[in-house]
There are 2 protein chains.
Amino acid sequence: MVGMRDVAKRVGVSVSTVSLVVNATGYVSDEMRERVEQAMRELDYIPNELARNLYRDRTGMVGVIVPTLRHPFFATLVSALQGRLSRRNLQTLLCATDDADTGEAEYVSRLRRHMMDGIIMAAHTEHPAEYWDSIRRPIVAFDRVLGDTIAAVRSDHEQGGQLIARQLLDTGSRHAVLVGGPRKQFDDRGDGATTFPTIRYFKTLEQQCDAAGIRHEYVESGAVSDVAGCARGVHALFDRIESDARGGGSTMPSVDAIVGSDVVASCAVREALSRGIRVPQDLQVIGYDGTYLADCAGMTLSVVRQDFDTLSERLADHIVDAIDHTGDCASAGDHAEDSHIAGEPAGHAVDIVPVSLRTGDTTRPVA
Amino acid sequence: MVGMRDVAKRVGVSVSTVSLVVNATGYVSDEMRERVEQAMRELDYIPNELARNLYRDRTGMVGVIVPTLRHPFFATLVSALQGRLSRRNLQTLLCATDDADTGEAEYVSRLRRHMMDGIIMAAHTEHPAEYWDSIRRPIVAFDRVLGDTIAAVRSDHEQGGQLIARQLLDTGSRHAVLVGGPRKQFDDRGDGATTFPTIRYFKTLEQQCDAAGIRHEYVESGAVSDVAGCARGVHALFDRIESDARGGGSTMPSVDAIVGSDVVASCAVREALSRGIRVPQDLQVIGYDGTYLADCAGMTLSVVRQDFDTLSERLADHIVDAIDHTGDCASAGDHAEDSHIAGEPAGHAVDIVPVSLRTGDTTRPVA
DNA sequence: CTGAAAGCGCTTACAG
DNA sequence: CTGAAAGCGCTTACAG
C-alpha cells in the first residue's frame, strides 16, 4: 500500500506537507501543492480513512438495522435512506435481522465496535429503553419508540387511518376487512407507549369505522418478512369470504373492502380478479405504504402513500444532528443519573411526517 | 470513550495484558483474565475496531454496489448476500447507483479510501477492464464481466433460456413476446465478451424458438430500476396485442406467451386477467428471477428461479478467497505487465450457478 | 505469565 | 510556508 510517506519521499518533503495538501487545510505554496498532487497521481495514492478516522474518532458511516429487505417497504426505505445519507457523505452499513441469522444485539455490538457515527433502528427490538440509552451513540428510531430520550421518525399513521376511513365512508363501503401483522403488536408495552406505531393506523381506522357504523374485522397475515405467507393468508381470506357468502345464501360476499399493506392489497386485487369479483365495483381495495408495488399491479392501486423521501430526509437530519452534537454532549453524558432534567424535546420528540391518499383504480370515485 | 488504557489502569496492569485477554491470544493466568474481564464489564469497554483494523490492514467490511434496491431482484440478492457475509463476520457497506446521485466511480473511490476488504460489483459500469485491475482490491463481479482477471458469478442463463424454450414448445405456444431491458445491452463490447450476461437467456431463447419454429418478438421495457415504467410498458404491450388481434379480424390475439422478469410477468398476469384473457389457457406467462414477487401474484407464477442462496454463497466464497490470498499476491501484483502468464482459472473463471424452472399456475401442463 | 516499546497511517498543534 | 514530534487506540514481537 502506498502511503503518505511514499508520496512525501518522492517529492522530498515531510508527511505533514502532504497531509496539508490532501486536506486542503493550512498554507501550502501553489508550486508545492502541484508537485505533491502530481506525485499522488503518479503513485495512485489513496488516503487511508482508517487512520484518519482513528484520529478524528469518526468513521463517516451509519448502521441501518431493518428486519428485512425482502419486502418492498423496507427496500424502498433503505433505498431512499442510503441515497440521502450518501449525499451527506455518510456511508450505509446494512444490517437485516430476519434475513441473516445475526440477531439485533449482535449487530448493535458490531456497529459499536466498528465505531459507527450513528445507528438508525427500524427493526423490532426486545431491548428495554435503558439498553438504548446505554449505547452512548447517536440513535434514531424509525416507526418505533425506543425510549423517550431517543429521537424517532414515523409517518402520521393516524392521518393514514383517517384517510382510509373517510374514503370507505364516502364511497359507501359497509364491511371492511383489515389485514395486518400479529395482533399482539397492538398491545402497549406497559409503559403506556406502544413501541410499534405502525399499528396506529389500524386503531384509528377501527375507531372511525365504529363511529361511522362500518362493520370491520381484523385478519392476521403473518410476519412482515414473509411475503409468500401473506399471499397465502389473503388467499385463505378470499376462500372464507366466498364460503361465508354461499353459507349466507347470498351470491355476493358481504365484505366490500379490504385494507392492508401494498403487498396485501396487491394480492387481494389479483385474488378478486381471478374469482370474478369486480374491483372496485364489488370490492374496494386500499393499500398502505405506496411502494413501487402499487404501480406494477396491473391496476393502479389506491394507496396511502408514506413519504419515503421526507422520512429518509428526516432520519438523515436527525442522525446528522445527533452526530454533530455528540461532541458537546460528551461531558454531559457522564452524569447519566440526572439526565431527565429540563427536557430537550427538539431532539427527542417523535418527528411525524404526513401521508397522502392516492386514489387509483381499486376504489370507487367519491359520490 | 473508555479505552484499553482505562481498563488497564483500573486493574493495575499494562495495556498489553488487556489486549491479550481481549484477543484471547497468548497466555494469561485465569485470575488475571477474570479481573480484566470484570473491569471491562464494569467500564462497558468496547474495543475500537478502527485501531485494530489500522494495524491489521483489514476492516472486515465489503462494499456491495448494485443499481437499485427498488427492484425485487436486487433486494433479494442483497438480502441473501448480506446474510451470507454476516455469517462470515463481514459487514456489508451498501451502495446503490441509481437510487442515489452518487455515481459508481465515486462509490468505488470511497470504498477504496475506507479500506474495504473487498468489493462486490453488481451494477452497470462504464469503466474498462484496466480500471478494475488497477483497483488493487479483491473484486467479484456479479452477472457482469469486468475483465478476465476478475472473478465473476452468475446464473446459468443459457440453461434458463433453454428451460423456457422447452416449456413453450412442450405446451404448444406459437408466438412469444419477450420483454426485457434496452436491446443495446445485447451488443458485445468489441472485445468479444458481452459485459452483461443476463441477456443471454433471451439470446438462447430466441435461438431455440427459431429452431422450433416459434414466432418471437422482443419488446423493451425500460431500465431495471424503473418498475413503474415497466408496468406501463406491459400495459402498452397489451393494448397493442389486442388492437393487432382486432385488426387481424381475430377475436384472440396471436400472442400466446409472454416471457420477462418477475415484475413483467406479474404485470402481464394482471393485465391479462383484467382484459378477460385467460391465463394460462389463452396466454402463458413465464417469469425470470423467482423473487418473492412470484409468490404474491395471486396466481403462483411459473418462473425460472435464480438460486439466490447459492449465488450469494459463491459471491461470499470468492470474495473471502480473494481477501485471504490478497497478502500472498501483494508482491505478485506488482508486475502487472506480465500477469497473463499461466492462467489461474480457479479465481478468474466465471462461476455459473444452475437455475431451475418452477411451473406454477401461469403455464399449461406439459401434454 | 506480564510489561515496555515500536508501529499501523494519518493529523494537528508547535516551532522554525 | 514547511518540518519534527506527539498522539489517535490498538497489536505484536521482544525482553524479563
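Predicted model: local features only at pLDDT ≥ 70, side-chain atom pairs only at ≥ 80, totals over all residues.
Me: OK. How many bridges join strand 6 to strand 8 in chain B, and do they run parallel or antiparallel?
Reply: Three bridges join strand 6 (residues 175–180) of chain B to strand 8 (residues 257–261) of chain B, and the two run parallel. In strand 8 of chain B, Ile258(B) is the bridge partner of Val177(B).

Me: What's the strand order of the six-stranded sheet?
Reply: In chain B it goes 7-6-8-9-10-12. The sheet is open and the pairing is mixed.

Me: Which strands stand at the edges?
Reply: Strand 7 (215–220) and strand 12 (356–358) of chain B. Each has a single partner strand, so one side of each is left without a neighbour in the sheet. On average, neighbouring strands of this sheet are turned by 20° against each other, direction ignored.

Me: Which strands does helix 11 of chain B lie across?
Reply: Helix 11 (residues 262–274) of chain B lies across strands 6, 8, 9 and 10 of chain B. It runs at about 155° to strand 9 of chain B.

Me: Switching to DNA strand D. Which residues come nearest?
Reply: Of the 26 residues around DNA strand D, Ser16(A), Gly3(B), Met4(B), Ser19(B) and Ala51(B) come nearest.

Me: Which helix gives the largest share of that surface near DNA strand D?
Reply: Helix 2 of chain B, with five residues. Helices 2 (15–23) and 4 (49–56) of chain A and of chain B each supply at least two.

Me: And how do the residues divide into nonpolar, polar and charged?
Reply: The surface near DNA strand D has 14 nonpolar, 11 polar and one charged.

Note on methods:
Residues numbered from 1 in each chain as written. Chains lettered and ligands numbered in written order. Near = placed C-beta within 6 Å. Helix = DSSP H or I, 4+ residues; strand = E, 2+ residues; numbered from the N terminus. Nonpolar A, V, L, I, M, F, W, Y, C, P; charged D, E, K, R; others polar. Pairing = 2+ DSSP bridges. Axes fitted to C-alpha atoms, helices over the stretch in contact; angles between N-to-C directions. Contact = placed C-beta atoms within 7 Å.
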